[in-house]
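Entries follow in the order I made them.

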Amino acid sequence: MRLAFISDIHANLEALESVLADLEDKAVDDIYCLGDVVGYGANPNECVEIVSKRCKCVLLGNHDAVATGLLTTQHFNVHARIAIEWTAETLLPENKKILAAQPLAKTTDTLTMVHATPYQPGMWYYITSLEEAYFNFQSFDTKICLVGHTHIPMIIALDEEEIYVHQEKSIVFKERDNLRLLINIGSVGQPRDRNPESSYGILDTEEEKFTLHRVPYDIAKTQSKMKKIKMPDFLVNRLAEGR
């Protein structure tokens, strides 16, 4: 099977539509969303409705949790707080209900999926170093764990006791029984690795290969919508800079 993984859409409809269009050419069997469907962007309702229809599984992200009243804005900066307050007011009741019903994590025989970290996923910690990654490897038993949250795509490999960042966009793990992977699939709607193109991943279970993909989208159109609803300039400008 070919499985696609998206995350951190953040109500960016143009980015989501571009990624889904790109996936049409990739012949994937299922799409999984690792959370943060809303927050920052101008189209929260549209994104919730599309993702709930197109994805086999949707996880709860911290922005989704705040927008639905499951979490406070205590740890949000001023820009994120302004955006999520607008989002909470704009979301339709039925779409809030959809988001609030999503799980924090999902596990299959070979995969662990979570928005933030496998260690206490409801605490919304970040994995920003190899030390943090090594610690989190102890919190899942599957060969692969897929996360989002930092908006920075990265493949971290643990081969017995050696941990390292895999530098290529693809990794083949066939016949590598000792290899385990912690993969951040990056962000659809707000990349932060200095590349403004949307990021997502595809896992080919037969080839035992994972690949990160990038897709351009109409950033100017997204920015125009955000300006219209008076989102902070910082949130608008960062899209073109990928930060």
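Entry 1, a charged pair. I started at K225, which is partly exposed at a relative accessible area of 23%; buried means under 20% relative accessible area, exposed over 50%, and partly exposed in between, with a 1.4 Å probe and protein chains only. I then looked up its partner: the side chains of K225 and E14 meet in a salt bridge, 2.5 Å from N to O. The pair ties together parts 211 residues apart in sequence, because E14 lies in helix α1 (residues 13-24) and K225 in helix α7 (residues 219-228). E14 counts as buried, at 7% relative accessibility. I use salt bridge for a side-chain nitrogen of Lys or Arg within 4 Å of a carboxyl oxygen of Asp or Glu. Helices (H or I, at least four residues) and strands (E, at least two) are DSSP runs, numbered from the N terminus.

The model is predicted: local features need pLDDT of at least 70, side-chain atom pairs count only at pLDDT 80 or more, and totals for chains, interfaces and linings use all residues. Residues are numbered from 1 along each chain as its sequence is written, and side-chain values use heavy atoms, with hydrogens and water left out.

How many salt bridges does a search of the whole structure find? I noted eight. One of them joins R2 and D204, with the closest N and O atoms 3.6 Å apart. This pair links distant parts of the chain, R2 being in strand β1 (residues 2-6) and D204 in strand β11 (residues 198-204), 202 residues apart. R2 is partly exposed at 25% relative accessible area, whereas D204 is buried at 11%.

I also looked up D159 and R176, a salt bridge whose closest N and O atoms are 3.6 Å apart. D159 is in strand β7 (residues 154-159) and R176 in the loop between β9 (170-172) and β10 (179-184), so the pair ties together parts that are 17 residues apart in sequence. D159 is partly exposed at 24%, and R176 is partly exposed at 31%.

Which residues of α8 (residues 233-241) are buried? I listed L235, V236, R238 and L239. They sit on the same side of α8, because they cover an arc of only 165 degrees around the axis; the arc is that of the directions from the helix axis to the C-beta atoms. The buried residues of α8 pack against α4 (78-90) and α7, where contact means heavy atoms within 4.5 Å. G242 follows α8 and has a positive phi, near 65 degrees.

I found two cavities of 30 Å³ or more. On a 1 Å grid over the protein atoms alone, a cavity is a set of points where a 1.4 Å probe fits but cannot get out, and lining residues have an atom within 4 Å of a point. The largest cavity holds about 40 Å³ of space. Its lining includes H10, N12, Y40 and L239. By class, the lining of the largest cavity has three nonpolar, six polar and no charged residues.

The second largest cavity has a volume of about 30 Å³. Residues lining the second largest cavity include V37, V48, V51 and I98. α2 (44-54) supplies the largest share of this lining, three residues.

How values were computed. 1 Å grid on protein atoms, 1.4 Å probe; cavity = no way out; pocket = protein on both sides within 12 Å on 5 of 7 lines; lining within 4 Å. Points joined across faces, edges and corners; volume = space filled by probe spheres on them. Nonpolar A, V, L, I, M, F, W, Y, C, P; charged D, E, K, R; others polar.
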